[in-house]
Amino acid sequence: MGIFRKITSVSTLGIVSYRNNEERTAKYTRQTRNAARAQVAQQAMNLELQRQQLEALNHANVREEMRPQATPAGWYPDPGNPAFVRWFDGAQWTNHAQPANTPPPPPGHGYQG
């Protein structure tokens with residue numbers, strides 16, 4: 001019976017299937033199982049990628065925490081002329097300078113940058 005089904009399938013160019021219900025069920029089961037395995041493998045790869053990204057972010061946060069604290073804004077000795085103090089805004093030196101022996105302005109009246 002199996003040879004007859006195969007000959008029929010070949011002679012009809014595959015239009016007539018030579019598989020019986022059990023064979024079709026077994027083939028469908030294999031295809032479904034293989035698709036599920038491929039999906040599990042893809043999910044595992046995605047999870048590993050997410051783990052690596054989280055680990056990289058965690059290392060970036062650690063590096064950020066280890067950075068020395070930035071110098072706060074304020075009056076500091078002028079790097080170009082020690083007789084003056086210059087306002088540092090926390091990121092860069094400004095054009096505001098005054099003699100070093102001048103007392104700083106009272107709180108709330110000084111340069112606010």
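User: Why does Trp 93 count as partly exposed?

Analyst: This is a predicted model, in which local features need pLDDT of at least 70, side-chain atom pairs count only at pLDDT 80 or more, and totals for chains, interfaces and linings use all residues. Residues are numbered from 1 along each chain as its sequence is written, and side-chain values use heavy atoms, with hydrogens and water left out. Buried means under 20% relative accessible area, exposed over 50%, and partly exposed in between, with a 1.4 Å probe and protein chains only. Trp 93 has 38% relative accessibility, so Trp 93 counts as partly exposed.

User: Is Phe 88 buried or exposed?

Analyst: The relative accessible area of Phe 88 is 12%, and therefore Phe 88 is buried. Tyr 76, at 27%, counts as partly exposed.

User: How many aromatic pairs does a search of the whole structure find?

Analyst: The search finds four aromatic pairs. One of them joins Tyr 76 and Phe 88.

User: What makes the pair of Tyr 76 and Phe 88 edge-to-face?

Analyst: Rings of Phe, Tyr and Trp (its six-membered ring) pair if their centres lie within 6.5 Å; planes under 30 degrees apart count as stacked, over 60 as edge-to-face and the rest as tilted. For Tyr 76 and Phe 88 the values are 6.3 Å centre to centre and 80° between the planes, hence an edge-to-face pair. Tyr 76 lies in strand 1 (residues 74–77) and Phe 88 in strand 2 (residues 84–88), so the pair ties together parts twelve residues apart in sequence. Strands (E, at least two residues) are DSSP runs, numbered from the N terminus.

User: Which residues form one aromatic cluster?

Analyst: Tyr 76, Phe 88 and Trp 93 form the cluster.

Key
Helices (H or I, at least four residues) and strands (E, at least two) are DSSP runs, numbered from the N terminus.
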